[in-house]
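Visitor: Please walk me through some local features of a model. I would like the general idea, then the case at hand.

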Amino acid sequence: MLHDDDAREYAYGPAQGLPDSKIGTFTPALHDEAKKDGWTVISMKNDWKRIFAFQ
């Protein structure tokens, strides 16, 4: 999952130019491997209407 929604949750990568984080990482190498292997990478910003139940 790509944490790319800094307005409703957090945005971190460093894949796709997102900020790096010590809490969780989604590296460019992992993103490339996901694309190569046909994995679906879910974007919190584009694919989720609601992130938290209270929203």
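Visitor: Which residue forms a salt bridge with Arg8?

Guide: A salt bridge is a side-chain nitrogen of Lys or Arg within 4 Å of a carboxyl oxygen of Asp or Glu. Here Asp5 pairs with Arg8, and their closest N and O atoms are 2.5 Å apart. This is a predicted model, where local features need pLDDT of at least 70, side-chain atom pairs count only at pLDDT 80 or more, and totals for chains, interfaces and linings use all residues. Residues are numbered from 1 along each chain as its sequence is written, and side-chain values use heavy atoms, with hydrogens and water left out.

Visitor: Is Asp5 buried or exposed?

Guide: Buried means under 20% relative accessible area, exposed over 50%, partly exposed in between (1.4 Å probe, protein chains only). Asp5 has 5% relative accessibility, so Asp5 counts as buried. Arg8 is partly exposed because its value is 25%.

Visitor: How many salt bridges does a search of the whole structure find?

Guide: Two. One of them joins the side chains of Lys36 and Asp37, at 3.5 Å from N to O. Lys36 is exposed at 64%. Asp37 is partly exposed at 39%.

Visitor: What kind of peptide bond joins Gly13 and Pro14?

Guide: A cis bond, with omega about 15°. Pro14 sits in the segment before α1 (28-36). Helices (H or I, at least four residues) and strands (E, at least two) are DSSP runs, numbered from the N terminus.

Visitor: What is the phi of Gln16?

Guide: Near 55°, a positive value in a residue other than glycine. Gln16 also lies in the segment before α1. Its relative accessibility is 54%, so Gln16 counts as exposed.
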